Structure formats: structure tokens, C-alpha cells
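Here is a quick walk through a two-letter set of chains and how they are put together. Have the model open alongside and follow the residues as they come up.

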Amino acid sequence: MKQPKILLLVVIALLPLTLVSCISGGARLAKGWSGTAVHDGIIYVGTVDGRVVAINSSTENLEWSYSIAPVTAPSSGLSCGQTSVTTAIYSKPVVDRDIVYIGTYSGQVLALNMLARSQNLTFPQRSYGEWEWDCPIDNAKSNAIVADLLLSEDAIYVSSSNGRVYSLDKEFGDLNWESKILDEKHRKLWTSPVIQGNTLYVSTFDGHIYALSLETGELSDRSFESEAGFASSPVIDEDTIFLGSFDRYLYAVKIGSDLPMWKFPEEKPAGNWFWASPIVNEGIVYAGCLDGKVYALEADTGKELWQFESQDSRGKPAAIVSPPVLVGNLLIVANEAGNVYVINPETGNSERIKNRKNGDKPTINAQIRASICAHEDLVYIRGEDNRLYVVDIDKREVSWDFPLTIEE
Amino acid sequence: MSFLDVWYLIIGNPVLNVLIALSHLLSGEFGLAIIALTIVVRLISWPLTKRQLKSSKALQDMQPKIQELQKKYGKNQQKLQQETMKLYKEAGVNPLGCLWPMLVQFPIWIALYQAIIRALATTPENLLDLAHRLYSWDIVNQAIPLNSHFLWLDLGSSGDFILAIIVGGTMWVQQKMTQAPAVDPRQQSTSRMMLLMMPLMFGFITLMVPSGLALYWAVSNIIGIITQYFFTGGWGYLKFRSPSQSTQ
């Protein structure tokens with residue numbers, strides 16, 4: 001009798017431990033999905049292992065790689081103490097002349113000089129214009145930088161998970177101003193600001209679009225409030241802001257207006273969130289949705305012109321996480337399942353770029369979440385397998401790919 | 001369909017969506033949603049709890065008879081154990097019955113643990129993953145993203161000592177109220193160990209899991225104490241001295 005009871009006691013005691021250490025289905029570490037940028041024939045991208053790499057698009061060779069210092073974080077599970085964690089990168093690199101700017105999940109903004117990095121000099125080389133800026137945590141849970149950085153002529157604008165927007169001097173990284181906390185409830189500012197005239201517009205998870213002075217960061221009274229939070233970064237075309245919401249609608253808001261100009265769909269909401277920022281071209285809004293569809297809408301009215309459903313290899317709809325891009329007169333859409341489509345923006349007719357090894361498989365054998373970029377007829381994609389894929393739109397094929405995991 | 005797919009279809013995603021819907025109904029307070037879910041779970045498991053409470057009450061009523069057996073067979077432990085078990089069997093009582101409601105709740109705990117992490121979406125990956133798990137109910141989508149603050153707690157973070165003490169303390173009280181004192185001295189040490197070990201273990205684990213899950217445990221324990229108090233008409237074994245103590 002005694003033995004079974006002790007056994008039961010041990011089992012009961014161990015079950016909660018199992019709960020903590022084994023059932024990790026809900027927890028996902030921040031891995032990052034940095035997008036790509038191209039400048040003067042060099043592709044810049046953040047990697048899963050916390051690096052910023054520069055790859056020559058002509059020679060297909062690595063120009064340089066800079067490993068961002070790991071951060072210390074509390075150990076997870078049952079172990080105690082601190083552990084060293086690779087810095088995740090969500091923001092895409094932005095390039096201005098010979099400097100590459102990047103924001104990290106550990107709350108830093110780095111300005112990397114191309115020459116200094118190619119010579120592998122100690123970072124930061126101030127004489128080369130390099131600097132780093134640490135975002136304050138400011139009594140928040142995190143100071144992580146998730147949104148893309150925004151560059152203007154002389155400043156760089158940063159949205160932080162502490163709920164504030166910062167303006168930094170582009171040359172030295174000095175703080176120009178910080179906004180008030182824009183989202184007290186969630187603090188997470190995971191959306192990028194956008195500039196129109198001398199105003200910065202920021203969308204928040206608590207359903208606001210705030211207008212801030214570009215010079216001082218002070219709030220103007222031209223803010224807009226919605227019942228649901230905004231999932232995507234705003235995009236401005238002329239005097240209208242377009243952005244997606246967690247209530248599964250895409251909103252168009254005239255700057256300064258209290259009411260939306262239109263919201264799409266008109267009646268029943270879409271199948272999921274409009275997570276990716278839409279793009280606007282010649283009066284047409286192209287919006288990718290997590291329901292797997294791309295919608296083309298009249299920018300003035302929100303009237304649907306066409307819709308296209310992207311799929312995975314089993315023929316099921318696959319979410320569109322990264323914003324579409326235009327290459328000449330073609331719309332390029334990548335879905336989470338790894339398929340890349342070339343779409344006629346006028347008709348919505350599409351063609352899937354086939355996998356060169358096995359046509360039935362997705363275009364690339366990895367998920368696509370990072371923002372993609374296009375230059376001339378090439379589209380640059382960072383897959384979740386930590387590889388860079390270069391897709392030739394003319395030839396409708398993956399031209400080449402490059403492993404971003406670099407072994408020491 | 002894998003086991004995980006079935007798990008999320010039947011338990012994981014329903015718990016997640018109900019929790020978020022409750023949060024929207026309760027002014028966006030995720031903490032209140034957890035409390036409401038706890039009450040719902042306790043209501044659903046009421047038949048089991050009722051059975052356990054009846055068993056507990058029966059055990060309490062049997063104590064004089066057990067003490068008689070203690071006096072009668074005090075020197076023959078094997079016989080004492082046999083007779084005690086016979087008495088339990090005749091009364092349809094299981095001294096470890098109080099553990100079953102806890103075991104039955106394990107899938108709920110796991111689902112809740114996952115739901116809290118998913119719903120509060122501390123990383124962009126979590127938030128994106130959440131999009132794929134939400135039902136198309138307006139009430140759910142309008143609640144996103146959730147506010148993780150409740151009272152002094154950040155429901156998505158771990159390491160709150162006050163909550164750990166509350167969880168451990170309430171669990172000890174609840175167990176003490178329901179756990180019948182063992183007759184056999186060897187069983188007594190096991191019972192004592194169990195009585196201390198579980199609250200300590202849960203208090204310790206509270207420091208490592210999101211506070212939202214610990215909030216569920218604390219509220220569940222408090223509801224358990226209240227129902228136990230009113231059902232059995234008092235504090236049960238919390239004020240009861242074990243037979244060995246009373247014979248000393």
C-alpha cells in the first residue's frame with residue numbers, strides 16, 4: 001500500500017514540473033524576421049543568428065558580416081540565473097550613403113559603416129561615422145525594436161516596445177527627442193512611423209493613429225481613434241492613411257479626420273488580420289491579408305477590383321505576412337508557405353514561380369515572413385531557414401540563394 | 001491529424017478563444033477573464049468536486065470509528081490498516097479522492113498555460129501565431145491585443161513572490177481541509193509530506209510560469225476552500241488533530 005502511494009505522490013509532484021519544462025507549445029522565442037535591402041549592388045539583411053550581412057549581388061559573395069553582441073536574459077524553464085541569447089532582428093536594414101542602420105530586439109540601434117565592417121574593425125568606429133544607441137526600458141517590460149527604422153534627411157525615427165517614438169541624430173546617434181508614451185495599455189510599438197510633410201504618423205495597438213511633430217515629437221490634435229487596434233504600419237498616399245486592423249478590416253483615413261473614409265470589406269470582415277502594410281500605386285491599394293488573399297481596391301472608395309488567393313503546396317490558403325512589392329508593372333507577393341507569385345496588378349491574374357528542383361513544391365522551401373525588396377527585375381527574400389533567395393522575375397525562377405548562417 | 005492538432009482543436013484553441021472572448025466581455029481585463037474561466041472550470045468539474053467533498057465529509061464523520069480501530073489494533077499495524085481500509089470501502093470512501101479533481105484539471109492547466117502565452121503574445125512570433133488560432137468571432141478579434149496588466153501583476157511574466165505565497169498557502173489550506181489524517185504512522189509521514197510538498201512545489205512553480213496561470217491556481221484554490229467550507233460545514237481537518245496526536 002505504501003509503495004503505490006509514494007509513487008502517486010512522485011507522479012503528482014512531477015506533473016507540474018512536466019507542465020513547465022515540457023509543454024512549451026505556447027512559448028516561442030523571438031527569432032526575428034529581418035527583411036532585405038539593396039543599395040549599390042549590395043544586399044543587406046539581418047540573420048536569425050544575430051548578424052547583419054552584406055552580400056554582393058553580382059558576385060554572389062559575402063562582402064562582410066557583423067555579429068551583434070549577444071544579450072543576457074533570464075534562463076527559461078526550471079534553470080536559474082542568466083543565459084546568453086542571440087540578438088533577434090526584426091527591422092530591415094536601412095542604408096544611407098555608406099552607413100547601414102539597423103534596430104535590434106535587444107533595444108539597440110546600430111549605425112554600421114560599410115568600410116569599417118568590411119575591414120572587420122572593432123565596433124563602433126566613430127571616425128567612420130559608426131555609433132550605437134541603447135533604447136531605455138523606461139519602466140516597460142521591454143525596449144525591443146521590432147518595427148523598421150525610418151530615415152529622413154538628417155534623423156532616424158525609432159518605434160520602441162516601451163511605447164515611445166525616438167528621433168536620433170543620423171550622424172552621431174544623439175537623441176533629438178522622445179515622444180510621450182503613445183500606448184500606455186500595451187506599450188508595444190511594433191509598427192513603423194511614416195512621414196508626411198513635417199509630421200510623423202504612428203499607429204498603435206490600442207487603435208490610435210498619432211500625428212507627431214517631426215521637429216519636436218509633440219503630439220498634434222490630428223489623431224484618429226478606432227475601436228480595434230492597428231496591426232500594420234500606416235502607409236500614406238497623398239492625404240490618406242491606409243492601414244490594417246486587428247478587427248480584420250483595412251482602413252483608409254483622411255489625415256485630420258475623425259472618421260474613416262472607408263473600411264474594407266464593407267460588410268463582413270476579411271478572413272484574418274491585415275498584418276502587412278498595404279502598398280498604393282496609381283490610385284489602387286494592394287493589401288495582403290493573413291487569410292491568404294491579396295485585395296486590390298480603389299484608393300478613393302475602397303471598392304474591390306479583384307482578389308487573389310495564395311496557397312500552400314496542399315492547395316490551402318497561406319497567410320501573407322510580408323508586404324507585396326511592385327517590380328515594373330508587376331505585383332510580387334510572397335506567402336508564408338514559401339510561394340512567390342507574379343500578379344498582373346490590373347487584372348489580378350497570377351503566376352506562381354515554381355520551385356526549380358520540384359515544381360510542385362513551394363517556390364522556396366521555407367516560410368516567408370520578412371519584408372521582401374525588389375531591385376530591377378530581382379526580388380530579394382530572406383526565408384525562415386536563414387537563407388537569402390534571389391528571384392528573377394523575368395525568368396520566373398529562383399536565380400540563386402545564399403546561406404546566411406555563417407560558421408565560425 | 002497529429003496528437004497536437006487534435007489537442008489544439010479540442011482543448012487548446014477553445015480555451016484560448018473563450019479566454020479572449022471573456023476578456024472582451026470583462027472590459028478588456030485579461031485577469032478577470034482568467035478568474036471567470038476558473039469559475040467556469042470549477043462549475044464544470046462540480047460533479048467531481050461534489051463527490052470528493054462527500055467523500056471528505058464521510059471521512060470526517062468516520063474519525064471516531066477510526067480512532068476506535070486505532071485503540072483496538074494499535075499494536076498490529078497490518079491489521080489496523082486492513083480494518084481501516086475495510087471501513088473506507090464499506091463507506092465508499094477513497095482517502096486519496098481529493099487528488100482526482102486536481103488530476104482532471106491538468107489538461108486545463110496545460111491549455112491555459114499555452115493560452116496565456118499565446119494570447120498575451122510577448123513576441124512578434126506569438127502574435128502572428130495567435131492570428132492563426134483565433135476563431136472568426138468579432139468578440140475575439142476586437143479584444144486583440146490584450147492588456148497583460150491586472151492588479152499588481154503582469155500576467156505574461158513569472159516570478160511574483162506574493163502570488164507564489166498565495167498559491168502555496170491556499171493550496172495547503174485546501175489540502176489540509178480535505179486530507180483525512182492517516183492512521184498508520186508510516187502513512188502519516190507520507191500524508192504529511194504530501195501536504196507540504198504539493199503547496200511548496202506549486203509555490204515554487206508559480207515563480208516560473210506566467211502569473212496568469214498562477215492566478216488560475218490561486219482563484220481555483222480559494223473557490224475550493226469556500227465550497228469545502230460550506231459543503232462540509234466548517235474547516236474540516238484544518239482544525240482536526242490526527243489520531244496519533246490525540247492519543248499522545
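Predicted model: local features only at pLDDT ≥ 70, side-chain atom pairs only at ≥ 80, totals over all residues.

What follows goes from chain A as a whole to its strands, then to the cores, the charged pairs and the cysteines.

Residues are numbered from 1 along each chain as its sequence is written, chains are lettered from A and ligands numbered from 1 in written order, and side-chain values use heavy atoms, with hydrogens and water left out.

**Chain A overall**

Of the 408 residues in chain A, 56% are buried, where buried means under 20% relative accessible area, exposed over 50%, and partly exposed in between (1.4 Å probe, protein chains only). As for contacts (heavy atoms within 4.5 Å), take those in chain A between residues at least 6 apart in sequence: 44% of them join residues at least 24 apart.

Strand 28 of chain A is mostly covered, with four of its five residues buried. It pairs in the antiparallel sense with strand 27 of chain A over three bridges, and with strand 29 of chain A over four bridges; pairing here needs at least two DSSP bridges between the strands. Val327(A) sits opposite Leu330(A) in strand 28 of chain A, while Ile332(A) has Val342(A) in strand 29 of chain A as its bridge partner. Both pairings are hairpins: strands 27 and 28 of chain A have two residues between them, and Gly328(A) in that turn has a positive phi of about 60 degrees. Strands 28 and 29 of chain A have five residues between them, with Gly338(A) in the turn at a positive phi of about 100 degrees.

**The cores**

Which residues have the most contacts inside the largest nonpolar core? They are Trp273(A), Leu19(B), Ile20(B), Phe30(B), Leu127(B), Ile144(B) and Trp217(B), in a core of 71 residues. A nonpolar core is a set of buried Ala, Val, Leu, Ile, Met, Phe, Trp, Tyr and Cys residues joined through side-chain atoms within 4.5 Å. Helix 6 of chain B gives the most to this core, with 11 residues. Leaving aside neighbours within four places in sequence, Trp273(A) touches residues of both chains, including Phe246(A), Cys289(A), Leu127(B), Leu130(B) and Ile144(B). Apart from this core lies another of 16 residues, among them Val325(A), Ala334(A), Val379(A) and Val391(A).

Helix 7 of chain B is worth a look too: eight of its eight residues are buried, and they pack against helix 1 and helix 6 of chain B.

**Charged pairs and cysteines**

Side chains of opposite charge can pair when their charged atoms come close. There are 18 salt bridges over all chains, each a side-chain nitrogen of Lys or Arg within 4 Å of a carboxyl oxygen of Asp or Glu. Three of them are listed here.

| Pair | N to O distance |
|---|---|
| Asp49(A) and Arg51(A) | 3.5 Å |
| Glu336(A) and Arg369(A) | 2.8 Å |
| Asp129(B) and Arg133(B) | 3.2 Å |

Asp49(A) is partly exposed at 25% relative accessible area, whereas Arg51(A) is buried at 9%. Glu336(A) and Arg369(A) are both buried. In chain B, Asp129(B) is buried at 7% and Arg133(B) at 17%. Shared partners also join Asp96(A), Arg97(A) and Lys170(A) into one salt-bridge network.
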